[in-house]
Amino acid sequence: MNVDADGTMTLFEKIWAQHAVTQDDGKTLLYIDRVVVDDVRAPQVLKNIERRGLAIARPDLAVVVQDHSVPSFATHSGLGGSVFLDATRAAAHKHGLRLFDVGEAEQGISHVVMPELGLVLPGSTYVCVDSHAPTVGGTGALGLGCGSTELEHVLATQTMWVRKPRQIRIRLDGQLTAGVSAKDIILHVLGMVGLETARGAAIEFAGTMVKSLSVEGRLTICNMAVELGARTSLVAPDEVTFAWLASRAFAPKADVRQQALRVWETLRSDDEAVFDVDIAIDCSALAPQITWGTTPAQVMPITGKVPDMEDASRAGLTYMGLVGGEPLIGRKIDRVFIGSCTNARLSDLESAAVVLAGRKVAAGVKAVVVPGSRGVAREAEARGLRDIFLAAGFLWGEPGCSMCAGGGGEKVAAGERIVSTTNRNFEGRQGTGVRTHLASPATVAAAAVQGEICDPRPLMQDNLHGR
Amino acid sequence: MDKFTQVRGVAAPLLIDNVNTDQITPVQFMRSLEPDYETALFGRWRMAAGDPFVLDRLRFKRAPILVAGSNFGCGSAREVAVWALVAHGIRCIVARSFSEVFRESTLKNGVLPICLGAADQAAFEQKVVAVDGQAAFEVDLVAQTIACPDGAFFSFNVERNERAALLEGLDDVALTLRHRALIDEREARLAAEQPWLQSAHS
């Protein structure tokens, strides 16, 4: 079942075949190379492991992270105070699991630190008890999200039963123009493909646009594949990936790297491989994108007008306090947030900083930036990015998920409008009644400066070419 | 895990597409290690002004069957969404479609996820709306049927292993470890072919 009739395979099928233990009744038992438990789930998962009398099969392949509950600022208590952080720390120590604890050099958001440290590698399987696990597909790793009970099974057996997903290829062609980034691409894809086509599928992102992206941009694209409903998503690793991996702390070095490269170079879909669905999207004339509704697929070019909805989608418009036919440009905002496993990597902060340099956050706007990891924070500081954010009037938070899921301790009032680099604009996601517009770091930074939704391109041009 | 053989009771309609787990269990209700799942379930919708939420209407308060739209349980992988439904007494969800991770989580908690297929689903939804909680439906996993109050039947299909696990309340880890020799074999082969995968952070 892993090989097409003519013997060709997709990238997904190659990784799948290398990890398949056995098959039964429509599901395949997959060997899992890396397991990550986060601070929201670790206390319960590890307590259940104990209660059920299970042994953790490979503690050396597991990592525990503190991300969801980390207070963004010392004055905040974070999600549930320190309850989750303390319980997670105690549970990790008790079970002898590697913990990236608050304040430690490796700490950060699971899907940011695992690639950043070279802990997920091309062709590896990665399971995290979080829906955004497929983010790591940006490095050519096969990421799968799961629930808590499933994770107990993975820890106890080093395997997971998975239904083989349908194979979808999304070819993204064209070249990015200044002020448009990976976030705009994936938002555009969401708008084009919607929530039905890719549900439960494995997506391979291909095409000239994807090849031209950095690994960080590819991570952003794969991060939001789950919003399309996909089970997982991948980008074939290439020279860009291999170069990026060379400097990762735990990635193979020297002779082992040479050996790994020989395997990694085979990790691509065969030319004749058959996909169940093949989609091509031209991104060459892409404008910055922004969501107008309450699903990530309710998206439009920033220069466009909110569509006039006549069906159930109108509820989203009502929640957002918008009416069909109006533009979003010029709409006043209350807050901005830059962060999350979608857009909290160094290149994201760099792109926002291009807009922010020499400028100030508009009066009445509260602006928060939270780097995705200590590593990102250190590098941003070294390159002077932190100073640009602080000078502009942003608050600089402790690495973690922060305001993406209403955590971090920031309280946002009902009715407030926020432009955010996160991945979900669901009703209430960032607080009861909070109106979230998803956009790129540059678009968010531009909104912070103008105090209203605006096209970031003129601001970027001014700063790039001197005002 | 609780066994599932059959469930009889009212069916509550929640015929909205793309209901996500942030809506099922808003994070605001999850700020302790032992949250009150029953209160958390659809917490924001139930607290909103206006008509009572469907599960708060007297006739649906004990509904063991939830009838949902497409892509039910999308978004966050949080299993608390299933635990909250279980805390309310939901044992079976009939939806146009499910998010895959959510569907797996229902199975791990003795909750039966059913997809009838487009035509049957529409007909079933009509009956559920018409009955409006005034009579009981019966879901039988052995026969793989739903019996409606008017005598009509709908058939569904659950894969053999999933059905066996639900019917017998089997331990998923014990079942998998029966394949231990094969797991060890695969591990050894990966260790030989891609040894860098077998040492994470040493």
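The secondary structure of chain A comes to 16 helices and 19 strands, where helices (H or I, at least four residues) and strands (E, at least two) are DSSP runs numbered from the N terminus. This is a predicted model, in which local features need pLDDT of at least 70 and side-chain atom pairs count only at pLDDT 80 or more, while totals for chains, interfaces and linings use all residues. Residues are numbered from 1 along each chain as its sequence is written, and chains are lettered from A and ligands numbered from 1 in the order in which they are written.

Taken along the principal axes, the C-alpha atoms of chain A fill a box of roughly 60 × 50 × 50 Å.

Chain A is divided into domain 1 (11-164) and domain 2 (289-465), with bounds from an automatic or database domain assignment. Their centres, taken over C-alpha atoms, are separated by 28 Å. Across the boundary, 22 residues of domain 1 of chain A are in contact with 23 residues of domain 2 of chain A. On the domain 1 side, these divide into 8 nonpolar, 11 polar and 3 charged. In this scheme Ala, Val, Leu, Ile, Met, Phe, Trp, Tyr, Cys and Pro count as nonpolar, Asp, Glu, Lys and Arg as charged, and the others, Gly among them, as polar.

Turning to chain B, there are 9 helices and 8 strands. The C-alpha trace of chain B spans about 60 × 40 × 25 Å along its principal axes. Buried residues make up 44% of its 202 residues. Of the contacts in chain B with a separation of 6 or more, 69% are accounted for by residues 24 or more positions apart.

Chain B also has an open, antiparallel sheet of 4 strands in the order β1-β6-β7-β8, strands being paired if DSSP finds at least two bridges between them. At the edges sit β1 (6-9) and β8 (153-155) of chain B, each pairing on one side only. β1(B) runs antiparallel to strand β6 (residues 137-140) of chain B over 4 bridges, and V7(B) stands opposite V139(B) in β6(B).

Now for the interface: 56 residues of chain A are in contact with 44 residues of chain B. On the chain A side, β1 (20-24), β2 (27-31), α3 (83-94), α5 (148-157) and α10 (254-264) each supply at least two residues. The largest share, 6 residues, comes from α5(A). The chain A side as a whole divides into 23 nonpolar, 20 polar and 13 charged residues.

One residue from the partner chain is worth a look here. V173(B) is found in helix α8 (residues 172-177) of chain B. V173(B) is buried because 20 other C-beta atoms lie within 10 Å. Leaving out residues up to four places away in sequence, V173(B) touches L54(A), H153(A), A156(A) and T157(A).

Technical notes: Buried ≥ 20, exposed ≤ 12 C-beta atoms within 10 Å, placed from the backbone. Contact = placed C-beta atoms within 7 Å.
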